[in-house]
Amino acid sequence: MSEQLTFTYTIDGNDFTRAGEASSSVKNKLKMLGVGSDAIRKVAIAMYEGEINMVIHADGGEITVSVSDNDITMVLADKGPGIPDISKAMQEGYSTAREEVRSLGFGAGMGLPNMKRFTDEMRIDTELGKGTTITMKVHL
C-alpha cells in the first residue's frame with residue numbers, strides 16, 4: 001500500500017448499543033488490507049477502549065484512523081469535560097464513571113491503561129471544559 005488510507009467515524013455519546021461499531025469496522029478493514037493479526041488485535045483493543053471512553057465520559061466525538069505502510073494512527077477527539085488528572089487516569093482501576101455506567105459492566109478504569117499497553121505511541125492532549133484528543137500509533 002503506497003498511499004495512506006483514512007477512515008473517519010462519528011461516535012454517539014451515551015449510546016452503549018452502538019459502542020464498539022467503529023473499532024469493529026476498522027478491524028474488518030485492516031483484515032481486508034492484509035494487515036498482520038498482531039497489529040489488528042492491538043488497534044482493535046486500543047480503539048475499542050477509546051471509543052467506550054468517548055461514550056461514557058465525553059458525549060461522543062470523532063475518530064480518524066490513518067493506515068500507512070509504516071503504522072496505523074488513531075486520533076480520538078471529543079468535546080467532553082477534559083481529563084483533570086492524567087496521571088491518575090492512567091492508573092489501572094481508577095475510574096470516574098457514573099454508577100449507572102458501572103452497572104452496565106463499563107467503567108472499570110482500564111481504558112487509558114489498555115490504550116497505552118496496546119499501542120506503540122500514545123499522546124493525550126486535554127483541556128478542562130473543552131475536550132480531549134488522544135493520538136495513538138501501532139507500528140507495522
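Here is a short chat about helix packing and salt bridges in this predicted model.

Trainee: How are helix H1 and helix H2 oriented, roughly parallel or roughly antiparallel?

Mentor: Start with the axes: those of H1 (residues 21-32) and H2 (residues 37-57) come within 8 Å and cross at roughly 165°. Angles over 145 degrees count as roughly antiparallel. Therefore H1 relative to H2 is roughly antiparallel.

Trainee: How many nonpolar residues does the contact of H1 with H2 have?

Mentor: H1 brings Glu21, Ala22, Ser23, Val26, Lys27, Leu30 and Lys31 to the contact, while H2 brings Ile40, Val43, Ala44, Met47, Tyr48 and Glu51. Sorted by class, the contact of H1 with H2 has 4 charged residues, 1 polar one, and a nonpolar count of 8.

Trainee: On to charges. How many salt bridges does the structure hold?

Mentor: Opposite charges on side chains can pair when the charged atoms come close. For this structure, the salt bridge total is 8.

Trainee: Is arginine 18, which forms a salt bridge with aspartate 12, buried or partly exposed?

Mentor: The closest N and O atoms of arginine 18 and aspartate 12 are 3.1 Å apart. Aspartate 12 has a relative accessible area of 36%, so it is partly exposed. Arginine 18 sits at 42% relative accessibility, so it too counts as partly exposed.

Trainee: Which residues do salt bridges that share partners join into one network?

Mentor: Arginine 18 pairs with aspartate 12, and shared partners extend the picture. The residues joined into one network are Asp12, Arg18 and Glu21.

Trainee: What separates lysine 42 and aspartate 38 in helix H2?

Mentor: These two form a salt bridge, with their closest N and O atoms 3.6 Å apart. Lysine 42 is partly exposed at 22% relative accessible area, and aspartate 38 is partly exposed at 40%. Because they are 4 residues apart in H2, the separation is about one helical turn.

Trainee: How many residues apart are arginine 117 and glutamate 92?

Mentor: Their salt bridge has its closest N and O atoms 2.1 Å apart, and arginine 117 is partly exposed at 43% relative accessibility. Arginine 117 is in helix H5 (residues 111-117), whereas glutamate 92 is in the loop between helix H3 (86-89) and helix H4 (99-103). The pair links distant parts of the chain, and the spacing is 25 residues.

How values were computed
Residues are numbered from 1 along each chain as its sequence is written. This is a predicted model: local features need pLDDT of at least 70, side-chain atom pairs count only at pLDDT 80 or more; totals for chains, interfaces and linings use all residues. Side-chain values use heavy atoms; hydrogens and water are left out. Axes are lines fitted to C-alpha atoms, for helices over the stretch in contact, and angles run from 0 to 180 degrees between N-to-C directions. Helices (H or I, at least four residues) and strands (E, at least two) are DSSP runs, numbered from the N terminus. Angles under 35 degrees count as roughly parallel, over 145 as roughly antiparallel, 65 to 115 as roughly perpendicular and the rest as oblique. Contact means heavy atoms within 4.5 Å. Ala, Val, Leu, Ile, Met, Phe, Trp, Tyr, Cys and Pro count as nonpolar, Asp, Glu, Lys and Arg as charged, and the others, Gly among them, as polar. A salt bridge is a side-chain nitrogen of Lys or Arg within 4 Å of a carboxyl oxygen of Asp or Glu. Buried means under 20% relative accessible area, exposed over 50%, partly exposed in between (1.4 Å probe, protein chains only).
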